[in-house]
Amino acid sequence: MDHLQYLALLAGCVAVTLPLELSGSRVYRRPRRLARAVLPVAAVFVVWDVIAIAAGVWWYNPRYVTGITLPLSLPLEEVLFFLVIPVCGVLTLETVRRLAPRRRSPAREKEDVR
């Protein structure tokens, strides 16, 4: 069961934040916008990981990964991490933006006082 822990953690993150989408955050309903937010950063970190793995600086304990390895020795779970965690973050941010009361910036308040 240890080899599924990483995937289980990612699934848990999705499960915890999925209700945010169902409450009206509309993140999954705008896939192009989501892709523009997540994919560039994920690409940078995938390249970073590939370089670190090749240099022997970074490795994954085989006990905690499924053993499914993508090209360039990158575990499947690591690529999923770079996609799932930012999506969960975007879901959370959009929900907070939607539910939080709108506040005026301090600069706007100073302009109104003058």
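Me: Before I click around, what is a salt bridge here?

Reply: A salt bridge is a side-chain nitrogen of Lys or Arg within 4 Å of a carboxyl oxygen of Asp or Glu. This is a predicted model, where local features need pLDDT of at least 70, side-chain atom pairs count only at pLDDT 80 or more, and totals for chains, interfaces and linings use all residues. Residues are numbered from 1 along each chain as its sequence is written, and side-chain values use heavy atoms, with hydrogens and water left out.

Me: OK, how many salt bridges does the rule give?

Reply: The count is three. One to look up is Asp2 with Arg63, where the closest N and O atoms are 2.6 Å apart. Asp2 sits in the segment before helix 1, while Arg63 is in the loop between helix 2 (31-55) and strand 1 (69-70), so the pair ties together parts 61 residues apart in sequence. Helices (H or I, at least four residues) and strands (E, at least two) are DSSP runs, numbered from the N terminus.

Me: What does Arg63 touch?

Reply: Contact means heavy atoms within 4.5 Å. Leaving out residues up to four places away in sequence, Arg63 touches Asp2 and His3. Also, the C-alpha atoms of Arg63 and Met1 are separated by 9.1 Å, though these residues are 62 apart along the chain.

Me: Now the helices. At what angle do helix 1 and helix 3 pack?

Reply: Axes are lines fitted to C-alpha atoms, for helices over the stretch in contact, and angles run from 0 to 180 degrees between N-to-C directions. Helix 1 (residues 5-25) and helix 3 (residues 76-99) pack at about 25°, with axes 9 Å apart. Angles under 35 degrees count as roughly parallel, over 145 as roughly antiparallel, 65 to 115 as roughly perpendicular and the rest as oblique. Helix 1 and helix 3 are therefore roughly parallel. Their contact includes Leu10 and Val14 of helix 1 and Phe81 and Val84 of helix 3.

Me: What kinds of residues make that contact?

Reply: Ala, Val, Leu, Ile, Met, Phe, Trp, Tyr, Cys and Pro count as nonpolar, Asp, Glu, Lys and Arg as charged, and the others, Gly among them, as polar. The contact of helix 1 with helix 3 has 12 nonpolar, six polar and five charged residues.

Me: And how do helix 2 and helix 3 cross?

Reply: Their axes come within 9 Å and cross at roughly 145°. Among the residues that meet are Ala42 and Phe45 in helix 2, and Phe82 and Val90 in helix 3. By class, this contact has 12 nonpolar, no polar and four charged residues.

Me: Which residues does UniProt annotate as "transmembrane region"?

Reply: The unreviewed entry lists 6-25, 37-60 and 80-100; such annotations may be inferred rather than shown by experiment. In the model, residues 6-25 are 100% helix, and residues 37-60 are 79% helix.
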